[in-house]
Amino acid sequence: MANDIPVLKPELSMALPSEAQPAADAATRKLYEEANSAVLKIVTDKARPGSGFLLEDESGTKIITSARNVVGSQEQFALASDGKRYRLEIEKLNELADIAVLKLKQGQIPDSKALKLGNTDELDQDSAVWTI
């Protein structure tokens with residue numbers, strides 16, 4: 001049954017009709033393109049890489065990821081679309097909630113744009129929500 005569920009595969013062009021993925025309208029494609037630069041691969045001195053996303057707050061740009069991606073690691077890096085590694089440090093970690101807040105040790109990641117989170121109080125029950 002699980003193979004019957006269509007999955008949006010960002011590494012594939014949305015124009016490929018042979019792939020099992022939902023049709024994407026122009027608004028969905030625009031949302032994906034805008035948010036995609038905020039998604040980064042998180043690599044550590046541990047074996048398994050994970051993902052994270054850039055988020056802007058009053059104290060600057062942070063990277064949010066799952067705690068399991070960085071727990072027990074001595075070194076953390078963001079791998080950006082330019083292929084370069086950017087050194088990170090753990091700012092906050094909550095293993096129970098499985099969330100970690102990381103910050104860049106120095107500089108900026110080029111061609112990236114932090115996400116802005118919305119307020120769930122402003123959503124209706126039938127509001128469309130996307131996960132990237």
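## Overall fold

Helices (H or I, at least four residues) and strands (E, at least two) are DSSP runs, numbered from the N terminus.

This is a predicted model, in which local features need pLDDT of at least 70 and side-chain atom pairs count only at pLDDT 80 or more, while totals for chains, interfaces and linings use all residues. Residues are numbered from 1 along each chain as its sequence is written, and side-chain values use heavy atoms, with hydrogens and water left out.

## Pairings of strand β6

Strands are taken as paired if DSSP finds at least two bridges between them. Strand β6 (residues 99–104) pairs with strand β3 (residues 60–65) in the antiparallel sense, over three bridges. In this pairing Ile 64 stands opposite Val 101 of β6.

Strand β5 (residues 85–94) also runs antiparallel to β6, joined to it by six bridges. Here Glu 89 lies opposite Lys 103 in β6. β5 and β6 form a hairpin with four residues between them. Asp 98, in the turn, has a positive phi of about 55 degrees.

## Burial, contacts and surface

Of the 132 residues in the protein chain, 27% are buried (under 20% relative accessible area, 1.4 Å probe, protein chains only). Contacts (heavy atoms within 4.5 Å) between residues at least 6 apart in sequence join residues at least 24 apart in 44% of cases.

The protein chain exposes about 9,700 Å², with 50% of this area supplied by carbon and sulfur atoms. Accessible areas come from the Shrake-Rupley method with a 1.4 Å probe; for residues, only the protein chains shown count as cover.

Notes. Buried < 20%, exposed > 50% of the residue type's maximum accessible area, 1.4 Å probe, protein only.
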